[in-house]
Amino acid sequence: MPDTLTLTDNRTGKKYEVAIKNGAIRAMDLRQVKVDDADFGLMSYDPAFMNTASCQSKITFIDGDKGILRYRGYPIDQLAEKSNYLDVAYLILYGELPTAAQHDEWIEAIKLHTMLHENLKKFMEGFHYDAHPMGMLVSTLAALSTYYEEAKRISDPQVRRMQTLRLVAKIPTIAAYSFRHSIGRPYVYPDNDLSYTGNFLNMMFKMTEPKYKVNPALERALDVLFILHVDHEQNCSANAMRAVGSSHTDPYSAAAAAAAALYGPLHGGANEEVLRMLELIGSKDKVPEFIKRVKAGEGRLMGFGHRIYKNYDPRAKIIKQMADAVFDVTGKNPLLDIALELERIALQDEYFVSRKLYPNVDFYSGLIYQALGIPTDMFPVMFAIPRTSGWIAQWEEMVTDPEQKIARPRQVYLGAGERNYVPVDKRK
Ligand code: CMC
């Protein structure tokens with residue numbers, strides 16, 4: 001059987017044969033379907049890209065029905081169990097796990113770039129004392145582009161590599177500074193003796209002690225959370241990174257756009273919303289009443305549901321398993337019981353079952369962040385730190401893909417036809 005699709009245009013009776021490759025037809029092949037020569041040609045209409053592949057990618061594989069997530073072919077549970085964040089960031093960015101020598105070289109290269117320019121620190125000091133840390137992160141990412149003029153030369157692989165190192169290395173520093181700023185504490189400079197996550201905890205929580213002591217269990221938990229958030233193929237922020245980057249802007253400006261997309265409550269802002277929801281519910285016995293309200297359309301069960309997963313999000317499974325290791329050190333988060341009760345009831349309820357709504361990555365991550373002492377409004381920032389390597393991998397793939405051009409969707413225009421201007425005194 002040929003790998004083609006035969007289309008019949010019932011308006012004209014004409015038949016068309018369109019090639020099928022990798023389970024997709026090319027939308028541009030529809031353009032030949034015309035009523036007459038003056039016709040623009042058929043388009044596909046797909047609000048929110050529900051069934052449109054905008055690129056070919058070799059980075060992340062998801063089977064949403066089976067609950068499978070793989071980075072460059074490696075199952076997420078194996079990476080979470082055996083690897084560490086920088087190892088996985090290298091894998092996502094360069095396609096293979098690093099050899100021992102590459103790993104050491106990568107870590108050293110990242111350490112060289114963890115500091116921020118002092119002026120950038122001053123820039124962050126300019127934010128209002130109660131500025132949301134994610135707003136600070138978005139703006140500071142954009143501001144980075146003003147420090148590295150060469151970043152615009154995106155066709156030079158060496159220049160791209162340098163910005164990659166800077167972005168991966170500096171994002172935890174920006175994130176920690178935004179936290180310290182919001183609580184009025186002095187910024188803490190990076191400590192490059194520590195691991196990526198150990199140093200992040202240092203920059204967040206060091207007080208007057210000469211050297212910050214990292215708790216290995218918490219450092220590991222953060223590493224796992226970072227691994228789980230590295231990439232998730234063409235999600236809203238990755239799509240923003242690609243779309244903005246497709247105009248050949250520098251990667252800092254594109255990453256700022258991606259972070260802005262992540263900020264929204266339907267994307268990376270959801271973990272923040274989950275915590276607010278759990279606090280609002282207040283106790284386990286109030287859960288049935290809350291579920292009733294969600295089913296009546298009064299708000300959503302945050303941390304539930306996913307555009308792609310129609311099964312348990314594999315990341316949520318790993319986080320749930322890891323929670324105990326964290327709570328052993330920090331003491332149990334009292335909101336955990338409410339979350340478990342929500343999950344228990346929702347997974348038996350016809351409303352959630354029939355819509356295939358399961359816990360997603362954000363459902364349990366906030367509980368762990370909170371136990372680590374990270375305030376709620378920092379949660380999307382926590383998501384942005386590891387996702388930065390995913391954004392750059394997506395951007396790099398887009399920039400080097402000869403098929404990609406400036407992203408510019410079509411529209412179906414339904415507005416007014418041509419009409420003549422009416423002066424203000426004649427308008428009704
Ligand atoms: N609570 C209650 N009902 C829901 C929920 C929810 N969390 N999610 C979806 N539904 C219902 C929705 O009302 C609709 O019902 P109906 O068919 O009766 O109108 C049906 O399920 C399909 O929902 P949808 O909005 O068409 O699905 P979508 O694929 O457009 O949305 C989603 C996906 C993640 C935006 C949505 O599930 C949601 O808003 N979840 C809560 C926010 C959240 O947890 N976001 C984090 C996503 S995972 C992290 C990330 O990748 O960013």
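Please keep in mind that the model is predicted. The protein chain contains 17 helices and six strands, and 48% of its 428 residues are buried.

**Overall shape and surface**

- Along its principal axes, the C-alpha trace of the protein chain spans about 80 × 65 × 55 Å.
- If we take the contacts in the protein chain with a separation of 6 or more, 69% of them join residues 24 or more positions apart.
- The protein chain exposes about 21,900 Å², and carbon and sulfur atoms supply 53% of that area.
- For the charges, there are 52 positive and 53 negative ones in the protein chain, and their mean positions are 4 Å apart.

- Three strands form an open sheet in the order 4-5-6, with antiparallel pairing.
- The edges of this sheet are strand 4 (60-63) and strand 6 (74-75), each of which pairs on one side only.
- Strand 4 is joined to strand 5 by four bridges in the antiparallel sense; here Asp63 has Ile68 of strand 5 as its bridge partner.
- Strand 5 (residues 68-71) also runs antiparallel to strand 6, and two bridges join them; in this pair Arg70 has Pro75 of strand 6 as its bridge partner.
- The hairpin of strand 4 and strand 5 has four residues between the strands, and Gly67 takes a positive phi near 70° there.

**Helix 7, an enclosed helix**

- Helix 7 (residues 196-205) is largely enclosed by the rest of the structure, because ten of its ten residues are buried.
- Among these buried residues are Tyr196, Phe200 and Phe205, along with Asn199 and Asn202.
- The buried list for helix 7 also includes Leu201, Met203 and Met204, as well as Thr197 and Gly198.
- Which helices do the buried residues of helix 7 pack against? They pack against helix 2 (85-94), helix 3 (100-111), helix 6 (157-182), helix 8 (216-228) and helix 17 (379-399).

**Positive phi outside glycine**

- Asn22 has a positive phi near 50° although the residue is not a glycine. Asn22 sits in the loop between strand 2 (14-21) and strand 3 (24-25), and its relative accessibility of 69% makes it exposed.
- Ala48 is another residue other than glycine with a positive phi, in this case near 65°. Ala48 belongs to the loop between strand 3 and strand 4, and at a relative accessible area of 52% Ala48 is exposed.

- Leu116 is in the loop between helix 3 and helix 4 (118-125). Is Leu116 buried or exposed? Its relative accessible area is 8%, so Leu116 counts as buried.
- Leaving aside residues up to four places away in sequence, Leu116 touches Met124, Lys170, Thr173, Ile174 and Tyr177.
- The C-alpha atoms of Leu116 and Glu341 are separated by 44 Å, and the two residues are 225 residues apart along the chain.
- His113 is found in the loop between helix 3 and helix 4 too, and it is buried, with a relative accessible area of 15%.
- With residues up to four places away in sequence set aside, His113 touches Met162, Leu165, Arg166, Ala169 and Lys170.

**Tyr16 in strand 2**

- Tyr16 lies in strand 2, where its relative accessibility of 9% makes it buried.
- Not counting residues up to four places away in sequence, Tyr16 touches Leu5, Thr6, Leu7 and Asp9, and also Gln32, Val33 and Lys34.
- Tyr16 and Tyr94 are 78 residues apart along the chain, and 41 Å separates their C-alpha atoms.

How values were computed
Residues are numbered from 1 along each chain as its sequence is written. This is a predicted model: local features need pLDDT of at least 70, side-chain atom pairs count only at pLDDT 80 or more; totals for chains, interfaces and linings use all residues. Side-chain values use heavy atoms; hydrogens and water are left out. Buried means under 20% relative accessible area, exposed over 50%, partly exposed in between (1.4 Å probe, protein chains only). Contact means heavy atoms within 4.5 Å. Accessible areas come from the Shrake-Rupley method with a 1.4 Å probe; for residues, only the protein chains shown count as cover. Lys and Arg count as positive and Asp and Glu as negative; His and the chain ends are not counted. The place of a charge is taken as NZ of Lys, CZ of Arg, CG of Asp or CD of Glu. Two strands pair if DSSP finds at least two bridges between them.
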